[in-house]
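Dear colleague,

Please find below the structure I promised to hand over, followed by an account of what I found in it.

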Amino acid sequence: MKTIKVSVVTPDGPVYESDVEMVSTKAQSGELGILHGHIPMVAPLQIGAVRLKNGGKTDLVAVSGGLLEVRPDKVTILAQSAEKADDIDVERAIRAKERAEQRLGEQKRDNIDFKRAELALQRALNRIEVSEKHF
């Protein structure tokens, strides 16, 4: 099977670069599966996992939204933050989840920005889920 070059990049630099057979991720318009030769496109991504399949192996990268650019022979993901599954600090993600849940619970009393806390919770849950699927 032909492969496609994939780069996942954040403002801090590259997180993942490899040739893979298939890229699967969630865009805001729905689930995408990308193979070599896919038509060019640009799509905004949701907070979620990027699944990178090559042979019998699947690598997972947790992304916090961003943009996906597809060319026939290359996929570039520009994300505000991204972590490979084995690089995720699970205890830190659990603490972030607990802080976000606490802020959401206090939202009415302290008038904390609900949307910001909700996004923090989604990011933390995504990191925890990606790290668990890895093992």
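Among contacts in the chain (heavy atoms within 4.5 Å) between residues at least 6 apart in sequence, 52% join residues at least 24 apart. This is a predicted model, in which local features need pLDDT of at least 70 and side-chain atom pairs count only at pLDDT 80 or more, while totals for chains, interfaces and linings use all residues. Residues are numbered from 1 along each chain as its sequence is written, and side-chain values use heavy atoms, with hydrogens and water left out.

The chain has 2 helices and 8 strands, where helices (H or I, at least four residues) and strands (E, at least two) are DSSP runs numbered from the N terminus. Their order along the sequence is β-β-β-β-β-β-β-β-α-α. The C-alpha trace spans about 55 × 30 × 25 Å along its principal axes. Of the 135 residues in the chain, 38% are buried, a term that here means under 20% relative accessible area, with exposed being over 50% and partly exposed in between (1.4 Å probe, protein chains only).

As for the strands, two of them are taken to pair if DSSP finds at least two bridges between them. Strand β3 (residues 22-27) pairs with strand β4 (residues 30-35) in the antiparallel sense over 6 bridges, and the two form a hairpin with 2 residues between them. Within this pairing, Val-23 stands opposite Ile-34 and Ala-27 stands opposite Gly-30. β3 also runs antiparallel to strand β5 (residues 41-54), to which 4 bridges join it, and there the bridge partner of Ala-27 is Leu-45.

Ser-24 also lies in β3, and it counts as buried because its relative accessibility is 6%. Not counting residues up to four places away in sequence, Ser-24 touches Glu-31, Leu-32, Gly-33, Ala-49, Val-50, Arg-51 and Lys-53.

His-38 is found in the loop between β4 and β5. With neighbours within four places in sequence left aside, His-38 is in contact with Gly-33, Val-70, Arg-71 and Pro-72. His-38 and Lys-74 are 36 residues apart in sequence, and their C-alpha atoms are 9.1 Å apart in space.

Turning to the interior, nonpolar side chains in soluble globular proteins tend to be buried together. A nonpolar core is here a set of buried Ala, Val, Leu, Ile, Met, Phe, Trp, Tyr and Cys residues joined through side-chain atoms within 4.5 Å. The largest such core has 21 residues, of which Val-6, Val-63, Val-75 and Ile-77 touch the most other members. At least two residues of this core come from each of β1 (4-10), β2 (13-20), β3, β4, β5, β6 (57-71) and β7 (74-78). Beyond its neighbours within four places in sequence, Val-6 is in contact with Tyr-16, Glu-17, Ser-18, Val-20, Val-23, Leu-52 and Val-75. A second, separate core of 6 residues includes Leu-60, Ala-85, Ile-88 and Val-130.

About 290 Å³ of space lies in the largest pocket, a volume being the space filled by probe spheres set on the points. Of the 14 residues that line the largest pocket, Arg-92, Ala-96, Arg-123, Ala-124 and Arg-127 are the closest to its centre. The elements β6, β8 (82-84), α1 (90-110) and α2 (114-134) each supply at least two residues of this lining, and α1 gives the most, with 5 residues. By class, the lining has 6 nonpolar, 2 polar and 6 charged residues, where Ala, Val, Leu, Ile, Met, Phe, Trp, Tyr, Cys and Pro count as nonpolar, Asp, Glu, Lys and Arg as charged, and the others, Gly among them, as polar.

The second largest pocket has a volume of about 200 Å³, and the residues of its lining divide into 4 nonpolar, 4 polar and 4 charged. Among them are Lys-26, Gln-46, Leu-60, Gln-122 and Lys-133, and the elements that give two or more residues to this lining are β5 and α2.

With best regards

Definitions and conventions: 1 Å grid on protein atoms, 1.4 Å probe; cavity = no way out; pocket = protein on both sides within 12 Å on 5 of 7 lines; lining within 4 Å.
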